[in-house]
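Hi there,

As promised, I am handing over the structure, with the sequence alongside. My notes on the ligand site and the strands follow below.

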Amino acid sequence: MKVIVCKSSDEMSKAAARIFAERIKKKPNIILGLATGGTPVKMYKELIRIHKEEGLDFSNVRSFNLDEYLGITSEHDQSYRYFMNTNLFDHININKANTHVLSGVAKDPAAECKAYEEAIKKAGGIDIQLLGIGGNGHIAFNEPGSAKDSRTRVVDLTKTTIEDNARFFKSANEVPKQALSMGNGTILEAKEIVLIADKTSKADAIAKSIEGSPTEQVPASLLQAHKNTTFVVDKDAASNLKKQYEAPTSGCCGCK
Ligand code: F6R
């Protein structure tokens with residue numbers, strides 16, 4: 001795995017956005033895997049800036065999001081569809097029909113998950129997957145203990161994830177208790193993976209994921225088995241790492 005330690009959260013966001021921008025330029029009909037949460041917001045802002053100022057073209061890009069809360073509609077202001085529209089899709093020239101987010105209100109959630117897996121396959125698989133990481137090491141909503149070969153499915157959220165995400169809702173009581181989520185196995189099939197993390201609240205999970213033994217108890221540590229994964233972290237999230245890792249080169253991650 002490649003690990004890039006940035007000076008700040010802003011630099012982390014710019015470095016990760018640059019990787020995505022370079023991949024989109026190289027393959028205009030790329031299939032992106034996208035994440036929500038607090039961490040990617042500044043990265044998406046930077047992609048919007050690159051689109052507006054440098055003409056990065058999203059017209060042929062397709063995307064699949066990692067997850068969605070069960071039981072909330074796409075219009076709900078905490079749904080991940082709403083998040084993606086307001087934080088990225090509404091500001092770039094992507095065709096929304098080419099953007100996929102699991103439906104939180106599908107009549108048959110298991111069938112929704114199965115169809116999602118099939119749609120990813122039919123599209124040719126995810127070229128580059130963006131991930132955040134939970135304080136407990138989760139990726140998407142694959143909580144500790146999720147099988148390494150798990151597929152898109154309905155999952156129960158842990159108490160810590162509900163508490164972490166309560167900041168986006170009026171109270172922890174309002175956070176849905178379940179979600180639909182790509183599995184670890186689904187994620188590991190992406191051709192390239194970029195995980196971003198900032199803040200000291202992620203330092204323990206980052207150290208276990210990069211320097212610990214791979215274990216389903218820390219789902220992000222399973223990425224060690226993936227051939228093309230880059231962790232882009234700020235110095236706070238890197239603060240528990242024991243080894244020295246590279247810094248980004250000229251605001252970019254050395255990507256050509
Ligand atoms: C979101 C997702 C989650 C988040 C993680 C970190 O689509 O899949 O795994 O990436 O919970 O969330 P933030 O960025 O809010 O700390």
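A polar side-chain atom of His138 comes 2.7 Å from an oxygen atom of the ligand. Lys202 also uses a polar side-chain atom, which lies 2.6 Å from a ligand oxygen, while Ala140 puts a backbone N or O atom 2.7 Å from an oxygen atom of the ligand. For these polar contacts the cut-off is a pair of N or O atoms within 3.5 Å. The protein buries 94% of the 410 Å² that the ligand exposes when taken alone (accessible areas by the Shrake-Rupley method with a 1.4 Å probe).

Before going further, please keep in mind that this is a predicted model: local features need pLDDT of at least 70, side-chain atom pairs count only at pLDDT 80 or more, and totals for chains, interfaces and linings use all residues. Numbering starts from 1 along each chain as its sequence is written, and side-chain values use heavy atoms, with hydrogens and water left out.

How many residues surround the ligand? There are 14, and the closest are Gly38, Thr39, Asp67, His138 and Lys202 (a residue counts if one of its heavy atoms lies within 4 Å). Sorted by class, this shell holds 4 nonpolar, 7 polar and 3 charged residues; Asp, Glu, Lys and Arg count as charged, Ala, Val, Leu, Ile, Met, Phe, Trp, Tyr, Cys and Pro as nonpolar, and the others, Gly among them, as polar.

The ligand takes up the space of the largest pocket. A pocket here is an open set of points on a 1 Å grid over the protein atoms alone, where a 1.4 Å probe fits, with protein on both sides within 12 Å along at least five of seven lines. A molecule sits in one if more than half of its atoms lie within 2 Å of its grid points.

Now to the strands (DSSP runs of E, at least two residues, numbered from the N terminus; two pair if DSSP finds at least two bridges between them). An open sheet of 7 strands, paired in parallel, has the order β1-β10-β9-β6-β2-β3-β5. Its edge strands, β1 (2-6) and β5 (99-100), each pair on one side only. β1 pairs with β10 (residues 229-234) over 5 parallel bridges, with Lys2 bridged to Thr230.

Elsewhere, β8 (residues 178-181) runs antiparallel to β4 (residues 67-69), joined by 3 bridges, and Tyr69 has Ala179 as its bridge partner. β8 also pairs with β7 (residues 153-156) in the antiparallel sense over 4 bridges, where Val154 stands opposite Leu180.

Best wishes

Terms used:
Polar contact = N/O pair within 3.5 Å; in protein donor to acceptor, adjacent residues only side chain to side chain. 1 Å grid on protein atoms, 1.4 Å probe; cavity = no way out; pocket = protein on both sides within 12 Å on 5 of 7 lines; lining within 4 Å.
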